Amino acid sequence: MNSHAPQAAIDRVVSEIQRMGCQSHLSQGRFRTVIGAVGEEGLIDQNHLASLDGVEKVVPIMKPYKLASREFHEDDTVVEIGGGSVPKVKIGANHAACIAGPCAVESKEMLCRIAREVRDGGATILRGGVYKPRTSPYSFQGLGIPALQWMRECGDELGMPVCIEVMDTRQVEPMEKYVDCFQIGARNMQNFDLLREVGKTRKPVLLKRGFAATVKDWLLSAEYVLSQGNRSVVLCERGIKTFEDSVRYTLDITSIPVALGWTHLPIIVDPSHAAGKRDYVPAIAAAGMAAGAHGIIVEVHYCPSEAQCDGAQALLPETFRELMVQLHKIAAIFHKEFAESTESVRT
Ligand code: PEP
Ligand code: MN
């Protein structure tokens, strides 16, 4: 729309798009309003749209992902995680955030102890798996609903929004009231039904990149969520499979500038799952931030040898604290700032 288009003209375009049998998606940028018309190509009468009052131009978006593209929304999207019983944390543009916690919730005591450590070290969002996607069906699978309740209680007590992986469409509804952010794991990046289901909620979604997915595949998965009306997607690069076997996965640093050019969505890195070994985690996290990431998600445990899952890659709390000091400095070089931890009134 041209920059002076009145609301009535915007409303008219929206209703014309819907009349053509397409979905309309409004994007209000700094300088102009863009109205996305999403649907089958043949349905859209471009000449008719171009003739409507207030329309500056009609531009076909050539990228296969539409709502995720920079063409649709040129400014960086800032996703807010939390609100209600916990503070809101922003990720995107110049807002960086750290999500930290154990790989899996093992007991309420261990969770709260780690949560306190990571909050004191500078994390503002708590992670913790309650359903674990394990390669072997005989490995620890997560504690389910009780762990979900502990995450909520612990997050509320410490003033931290919680980010929890959802593995199945049937878990979305029961989990919704407990989580501040749904995590879609690498193995589920192309579970299209699951993407649609979390897209129907209005909770932010942390979308991990599949370890055999291209950046384009990843953005098309984000498109599934966005197409359902959920605008709050945070991308997460967590390493891909390569021939290199000295680490668990290879963190694809280049995917960060590539994705930042192609999409307006925020991107964080997961150095833990890429490295598979705690010694490598700080360097990978630092590299990710220097490449333009909006933060990290990292696993921390005070006694990694006793962890039920991913102990080898868990940072000790003191290493986590040191890492955060470094990441603050790197973020500042790139004009980003980490959200500060808010002290809870209840602790
Ligand atoms: C996790 O975050 O614990 C996890 C299983 O990650 P990913 O899906 O990236 O392997
Ligand atoms: Mn893990």
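Helix packing and a manganese site in a predicted model

In this predicted model, helix 10 and helix 11 cross in a right-handed manner.

Q: What makes helix 10 roughly parallel to helix 11?
A: The two helices, residues 281-290 and residues 317-333, pack at an angle of about 20 degrees, with their axes 10 Å apart. Angles under 35 degrees count as roughly parallel, and therefore helix 10 is described as roughly parallel to helix 11.

Q: Which residues make the contact of helix 10 and helix 11?
A: Helix 10 contributes P282, A285, A286, M289 and A290, while helix 11 contributes T319, L323, L327, I330 and A331. By class, 9 of these residues are nonpolar and 1 is polar, with no charged residues.

Q: How do you know which residues coordinate the manganese ion (ligand 2)?
A: Donors are N, O and S atoms within 2.8 Å of this metal. C103 (SG), H273 (NE2), E299 (OE) and D310 (OD) lie at 2.0 to 2.4 Å, so they count as donors. Along the chain, the donors follow the spacing C-x169-H-x25-E-x10-D.

Q: What makes C103 and E299 a link between distant parts of the chain?
A: C103 lies in the loop between strand 5 (95-101) and helix 3 (108-121), whereas E299 belongs to strand 12 (residues 295-299); the pair is 196 residues apart.

Q: Why is C103 called buried?
A: Buried means under 20% relative accessible area. C103 has 5% relative accessibility, and therefore counts as buried.

Q: Is E299 buried or exposed?
A: The relative accessible area of E299 is 1%, so E299 is buried.

Definitions and conventions:
Residues are numbered from 1 along each chain as its sequence is written. Chains are lettered from A and ligands numbered from 1 in the order in which they are written. This is a predicted model: local features need pLDDT of at least 70, side-chain atom pairs count only at pLDDT 80 or more; totals for chains, interfaces and linings use all residues. Side-chain values use heavy atoms; hydrogens and water are left out. Axes are lines fitted to C-alpha atoms, for helices over the stretch in contact, and angles run from 0 to 180 degrees between N-to-C directions. Helices (H or I, at least four residues) and strands (E, at least two) are DSSP runs, numbered from the N terminus. Angles under 35 degrees count as roughly parallel, over 145 as roughly antiparallel, 65 to 115 as roughly perpendicular and the rest as oblique. A crossing is left-handed if the near helix is turned anticlockwise from the far one by less than a right angle, and right-handed if clockwise. Contact means heavy atoms within 4.5 Å. Ala, Val, Leu, Ile, Met, Phe, Trp, Tyr, Cys and Pro count as nonpolar, Asp, Glu, Lys and Arg as charged, and the others, Gly among them, as polar. Donors are N, O and S atoms within 2.8 Å of the metal (3.2 Å for Na, K and Ca); water is not among the atoms, so sites may look incomplete. Buried means under 20% relative accessible area, exposed over 50%, partly exposed in between (1.4 Å probe, protein chains only).
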